[in-house]
Amino acid sequence: MLSGPPVTATATASPGALLERFQAANGRQRRSLVTTLQSRRQELRPLIADHLAGLDATGDDWAAGFLIQMLLEEGDGLQNDFLSRYPDGWLATVSACGVDYAPLQRALMAQHFEEADRLTSALLRELAGADAVRRGYVYYSEVPPMPSADLDSLDRLWVCFSRGRFGLSVQGTLLASCNGRWELLWPKLGWKDGGLWTRYPGSFQWSIDAPEGHMPLVNQLRGVRLMDALLRHPALQQRIKA
């Protein structure tokens with residue numbers, strides 16, 4: 001049972017109070033409020049930028065990501081002002097090797113998930129080194145040296161801008177729920193159906209309604225070793241929920 005004010009009280013709350021209620025809620029409560037926020041977007045959008053200024057941009061709070069996406073859904077002055085204020089994106093990212101995460105953040109803020117998936121693959125190649133960039137894919141043996149700060153930034157971006165539904169750490173949590181059995185994980189992610197691999201890219205679901213953990217895609221045609229190496233990296237182990 002959800003705590004806090006009844007639904008009717010929430011629906012009639014002032015815009016500022018509704019934002020605060022959403023921000024303070026737990027994950028389940030937030031999801032129950034999404035429809036209400038979307039129905040009152042015109043009242044809420046003028047308040048979002050100032051609301052975000054008081055939040056921690058070094059975490060992965062998906063409430064902030066959702067509000068940003070709602071703000072950016074309309075091409076008006078509010079959208080332009082926000083993009084001018086945060087040209088590289090609101091979420092703070094860190095790279096130990098000079099990688100630029102702004103293009104990925106902009107794609108995720110705009111809910112361009114297929115573009116974000118392709119950018120993520122390119123970023124992983126960049127983190128793996130010049131040889132991976134040249135050949136066009138990453139060897140599992142190239143994962144352990146990847147900087148923790150970078151994998152943390154990459155995963156936080158996906159979690160923040162997917163309502164907590166997508167990201168490598170989400171995939172790791174789902175694998176743990178399958179007791180480490182990869183063959184049970186693929187259908188959960190929507191990567192396999194009836195024994196057949198989902199065809200890329202046309203049969204993938206590039207939207208927030210995709211199965212949990214559906215993105216980012218890690219190529220399984222070469223086996224599980226690359227994904228296993230990523231999920232075993234200390235940076236992701238710290239983020240995977242037991």
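Is Trp186 buried or exposed? Trp186 is buried, with a relative accessible area of 5%, where buried means under 20%, exposed over 50% and partly exposed in between, using a 1.4 Å probe and protein chains only. This tryptophan sits in helix α12, residues 182-189; helices are DSSP runs of H or I with at least four residues, numbered from the N terminus.

Before we go on, a word on the model: it is predicted, so local features need pLDDT of at least 70 and side-chain atom pairs count only at pLDDT 80 or more, while totals for chains, interfaces and linings use all residues. Residues are numbered from 1 along each chain as its sequence is written, and side-chain values use heavy atoms, leaving out hydrogens and water.

Now to the charged pairs. The structure holds 14 salt bridges, each a side-chain nitrogen of Lys or Arg within 4 Å of a carboxyl oxygen of Asp or Glu. One of them joins Arg41 and Glu73, at 2.1 Å from N to O. Arg41 belongs to helix α4 (residues 41-53) and Glu73 to the loop between α5 (62-72) and α6 (77-85), so this pair ties together parts 32 residues apart in sequence.

Asp76 and Arg45 form another salt bridge, with their closest N and O atoms 2.9 Å apart. Asp76 lies in the loop between α5 and α6 and Arg45 in helix α4, so this pair ties together parts 31 residues apart in sequence. Arg45 is buried at 2%, whereas Asp76 is partly exposed at 24%. Salt bridges also link Arg45, Glu74 and Asp76 in a network.

Note on methods:
Helices (H or I, at least four residues) and strands (E, at least two) are DSSP runs, numbered from the N terminus.
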